Amino acid sequence: MDSDLTSLRPAPNLVLGRNLTHGMLDTLGKAIVVGRYETRPFPTEAEIAKTFGVSRSVTREAVKMLTAKGLVSARPRQGTVVQPPSSWNLFDTDVLRWLLERKFSIDLLRQFNQLRIAIEPEAAALAALHHTAEDLTAIRDGLDRMERADAGDGDPLEADIAFHMAVLRASGNPFYAQFQQMVATALRTSIRFTNRIKGRTASIADHTAVADAIAARDAAGSRVAMQRLIGDVLALIGDAEE
């Protein structure tokens with residue numbers, strides 16, 4: 001049996017989770033993303049099942065999920081093969097989480113915020129045009145949570161994420177709304193990093209400008225305000241790279 005696989009064996013008192021398949025998926029997915037199998041073959045289903053003490057059906061399902069995420073592929077007479085990072089589905093929230101949990105990468109953080117600035121300003125512009133009263137309430141609630149967290153009442157990270165999620169939903173476009181989990185997952189690393197550089201929480205004024213422009217149904221103003229907000233993040237990342 002692959003000695004490296006043995007190192008992934010859970011402790012006797014450790015449960016993989018309520019769902020064995022997802023527990024194995026998380027363990028094996030992380031191992032692939034951190035590079036455990038860059039120079040060694042991926043274990044067979046039989047080896048995985050024996051190591052973790054689960055059935056072949058559970059193992060097979062976990063491998064199918066890894067395949068769907070682009071992390072592995074099945075090849076005739078070669079078994080399961082780990083795919084290069086260029087094949088991974090970066091929009092999959094599990095893959096993104098594993099990437100962000102491995103060794104910190106300023107490049108990944110910059111690339112993520114480059115994606116954000118291509119998506120969120122347009123979502124804000126659409127939110128200005130199409131938001132409902134409920135959407136605006138959710139955006140204002142997120143902003144209120146940020147203000148309270150800034151005063152020490154609540155989690156500033158979760159409040160900031162709630163604000164951005166509300167803007168994406170308010171766009172009224174289901175394709176933008178589909179980015180919610182991806183943005184939320186990556187924001188957890190991005191916000192921690194930028195707040196650490198600033199030594200403070202996110203700018204309430206910048207977020208207020210976005211909310212006010214959306215409320216005024218000012219699409220151009222909403223777009224510019226969100227561009228400014230994310231552009232500030234990219235500038236901080238650029239300064240950190242120097």
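You are looking at a predicted model.

Stay on Arg217 and check the backbone. Its phi is positive, about 55 degrees, although the residue is not a glycine. Most residues other than glycine have a negative phi. Where does Arg217 sit? It is found in the loop between helix 11 (204–215) and helix 12 (219–241).

**The whole chain**

Zoom out and colour by secondary structure. The protein chain comes to twelve helices and two strands. Read the elements from the N terminus: α-α-α-α-β-β-α-α-α-α-α-α-α-α. Now colour by accessibility. Of the 242 residues, 45% count as buried.

**The hairpin**

Select residues 72–75, which make up strand 1, and residues 79–82, which make up strand 2. In which sense do strand 1 and strand 2 pair? They are antiparallel, and four bridges join them.

Step along the pairing. Ser73 stands opposite Val81 in strand 2. Ala74 stands opposite Thr80, also in strand 2.

Next, pick the turn. Three residues lie between the strands of this hairpin. Arg77 takes a positive phi there, near 65 degrees.

Is Glu122 buried, partly exposed or exposed? Its relative accessibility is 30%, so Glu122 counts as partly exposed.

**The negative patch**

Go on to helix 7, which spans residues 133–150, and select Asp144 in that helix. Asp144 has 34% relative accessibility, so it counts as partly exposed.

Which residues form the negative surface patch? Show Asp141, Asp144, Glu147 and Asp150 together. Patch members must have over 30% relative accessible area and no salt bridge. Asp144, at 34%, is over that area cut-off, so the area condition is met for this residue.

**Last view**

Keep three selections on screen to finish. One is Arg217, in the loop between helix 11 and helix 12. Another is the hairpin of strand 1 and strand 2, with Arg77 and its positive phi.

How values were computed. Residues are numbered from 1 along each chain as its sequence is written. This is a predicted model: local features need pLDDT of at least 70, side-chain atom pairs count only at pLDDT 80 or more; totals for chains, interfaces and linings use all residues. Side-chain values use heavy atoms; hydrogens and water are left out. Two strands pair if DSSP finds at least two bridges between them. Patches are made of residues with over 30% relative accessible area and no salt bridge: like charges are joined within 9 Å, nonpolar side chains (Val, Leu, Ile, Met, Phe, Trp, Tyr) within 5 Å. Accessible areas come from the Shrake-Rupley method with a 1.4 Å probe; for residues, only the protein chains shown count as cover. A salt bridge is a side-chain nitrogen of Lys or Arg within 4 Å of a carboxyl oxygen of Asp or Glu. Lys and Arg count as positive and Asp and Glu as negative; His and the chain ends are not counted. The place of a charge is taken as NZ of Lys, CZ of Arg, CG of Asp or CD of Glu. Buried means under 20% relative accessible area, exposed over 50%, partly exposed in between (1.4 Å probe, protein chains only).
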